[in-house]
Number of protein chains: 2
Amino acid sequence: MDAAPPDRSPTLDEVALRAGVSRSVASRAINNSGNVSAPKRAAVQRAVRELGYVPNPSARALATNRVGAVVLAVATDVPGIFADAFFAQVIYGISVALERTDFTLTLVLAGRPEGAAKLQQIVRSRRADGIMLMNLHGDDPLARLAEQSAVPVVFGGRPLRTEPRWYVDTDNRGGARLATEHLVEAGYRRIATITGPLSLDVAEARYRGFQDAMAVAGLPAGRVEHADFSEAGGAAAMARLLEEHPDLDAVFAASDNMAAGALRALRAAGRAVPGEVGVIGFDDLPTAQHTDPQLTTVRQPVEALGTEMTRMLLSILDGSRPTPLILPTRLVVRGSTRTLVRH
Amino acid sequence: MDAAPPDRSPTLDEVALRAGVSRSVASRAINNSGNVSAPKRAAVQRAVRELGYVPNPSARALATNRVGAVVLAVATDVPGIFADAFFAQVIYGISVALERTDFTLTLVLAGRPEGAAKLQQIVRSRRADGIMLMNLHGDDPLARLAEQSAVPVVFGGRPLRTEPRWYVDTDNRGGARLATEHLVEAGYRRIATITGPLSLDVAEARYRGFQDAMAVAGLPAGRVEHADFSEAGGAAAMARLLEEHPDLDAVFAASDNMAAGALRALRAAGRAVPGEVGVIGFDDLPTAQHTDPQLTTVRQPVEALGTEMTRMLLSILDGSRPTPLILPTRLVVRGSTRTLVRH
DNA sequence: CTACAAACTGGGAGCGCTTCCAATCATTCC
DNA sequence: GGAATGATTGGAAGCGCTCCCAGTTTGTAG
């Protein structure tokens, strides 16, 4: 325990000196790449401890051409969308997956042009070893980032028209089917849907899942309104639906937020939920439990999305070539749908 | 426009070569540190453009001992707390403030021991130029990070017992006073409060603000329950309050989430809001608009918190020595409190 | 005891950039 | 016209680390 804290942190040379070995040996001992005899290794470890040595990441990065950082880029410009609990959960999942490694997480909000430029910059200057990219709209030029850059890109959710080499996605279509089937089983028949913006793959997939299930049930799938995944949008869409299809008896909203809006609109219109109209959402965000009645919904494993993206990226950096991953969804029945079939 | 994209990005030397100048001049031109004649500067800029040159951050960091990254560390272990929209908004604010600089944002969840260790590591190895630290509990050893490290630390919110050198905080005490005064003015008299965990400065400050206002109004401030800022906690605390102080006619909950819980508990107990019992929250998160009735609350400028922390940190890195900043709050009246005084 | 393979070791050359400094050039002022 | 002044310039020394490679040591078999 030396009293005076050094104003400058010790370098590898100092460690080597103290351990009585050459810098090369010290380096090898620290990175435990072989070819170091046991006693010298021990001496180095001791010196490291005594000196409180921490390798300088910049120097290491310069020498190895790997920086020890991954970036999460979220292509959203609206604070509202990012502020959603969704991304917080993803980030949490990523952090957990990164905890045991010594990678660092860099966050880029790439929605606005400045952010996208920043992301480009990061990629081109190799400030990160890999990228996780989320929330791309159909026309987002960032979708091509993957091809342009030497750095591997893992997508969270698929971009609209292309199938990226690496991605983790939720089984949106299957989940939507689950939701719709649930409505059908509960005895609802005149089922409508509120979709997200169809420029988003998620939105399209969920819409397709709805159509799938309706077709299987032999029901018409024509009661449709589009919104933007937001609560306000959901409320407006619900109002439009009520106007055009006053006979509807259930609605599948492609997000909990929109479902919450729908709930609000239904109450305003004096329709009882779940008695007269059943409502089901998607996501199972905290919101779903704050509505009245609480939302029946489809749970997507958001945190797992983060962890799995990270795992995939790390394994790629590690040399393996994983295949895309689709995470399963699960129905969560709460109060906004009837649970028993009426005969 | 060369056809073949280079497998390796160009270096400063190549730029210099192409521009017909020395590396030093190229460097100076690029960083526009003076002493470069106009023609050479132009030549360098042209070469940079033609080659698509981007400086290597690691090399630069190694040479300058500045890495171009700041970290946001959030000391929370519960996913639930981080998943709150609050942090997402802070992050958004930070990103916006960082957009125009070429700093990068590194995110560390430092609640669990692994995360804290990682933060230490980052600091000690100078992987970041500065730190923003949020959500410290009273006893968090990270509070001393500021003294230990050569890197400047800006606190978001104050730690409990110490006054850090640099911080940005919301005027929690003043905001709580605002909230309580509003209840008093609306004619409520038997006012209770649900505090957050008093090991958090925010919670304590809001509690004090409540006491302030009650004292000024000459009302007793003895109806108190403590919770954990969560909705469930708020509901439980409200239930306890109703049990112990059945005569209460209003409650100030120190967070919107707790207020939402309180609302739920009140409905369960059959008390009408705002008629029989007034409820006011704090934060003005999205939640506040999703409750029924919508929450009257105190708005704190969360995004601004992020921007201002960033601004402060950058100015410190720039050599200036700013003073702490307290952000103002503002009352937002919605449906959970009566608006007119009854006589 | 010699020959040879295997296991270590440390010197040294970078990685790409900044920055000090001595040298060069252009100006300006008597 | 020449010296003094200041603006430019480029050579070179690092920043701290990795890793190749030639040299040394150790061990083993013949």
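Is R223(A) buried or exposed? R223(A) counts as buried, at 11% relative accessibility; buried means under 20% relative accessible area, exposed over 50%, and partly exposed in between (1.4 Å probe, protein chains only).

This is a predicted model, in which local features need pLDDT of at least 70, side-chain atom pairs count only at pLDDT 80 or more, and totals for chains, interfaces and linings use all residues. Residues are numbered from 1 along each chain as its sequence is written, chains are lettered from A and ligands numbered from 1 in the order in which they are written, and side-chain values use heavy atoms, with hydrogens and water left out.

Over all chains, the structure holds 32 salt bridges, a salt bridge being a side-chain nitrogen of Lys or Arg within 4 Å of a carboxyl oxygen of Asp or Glu. The table lists three of them, including the bridge of R223(A).

| Salt bridge | N to O distance |
|---|---|
| R223(A) and D247(A) | 2.9 Å |
| R264(A) and E231(A) | 3.0 Å |
| D284(A) and R299(A) | 3.1 Å |

R223(A) lies in the loop between helix 10 and strand 7 of chain A, and D247(A) in the loop between helix 11 and strand 8, so this pair ties together parts that are 24 residues apart in sequence. Helices (H or I, at least four residues) and strands (E, at least two) are DSSP runs, numbered from the N terminus. D247(A) is partly exposed, at 36%.

R264(A) belongs to helix 12 and E231(A) to helix 11, so their bridge ties together parts 33 residues apart in sequence. E231(A) is buried, with a relative accessible area of 13%, whereas R264(A) is partly exposed at 31%.
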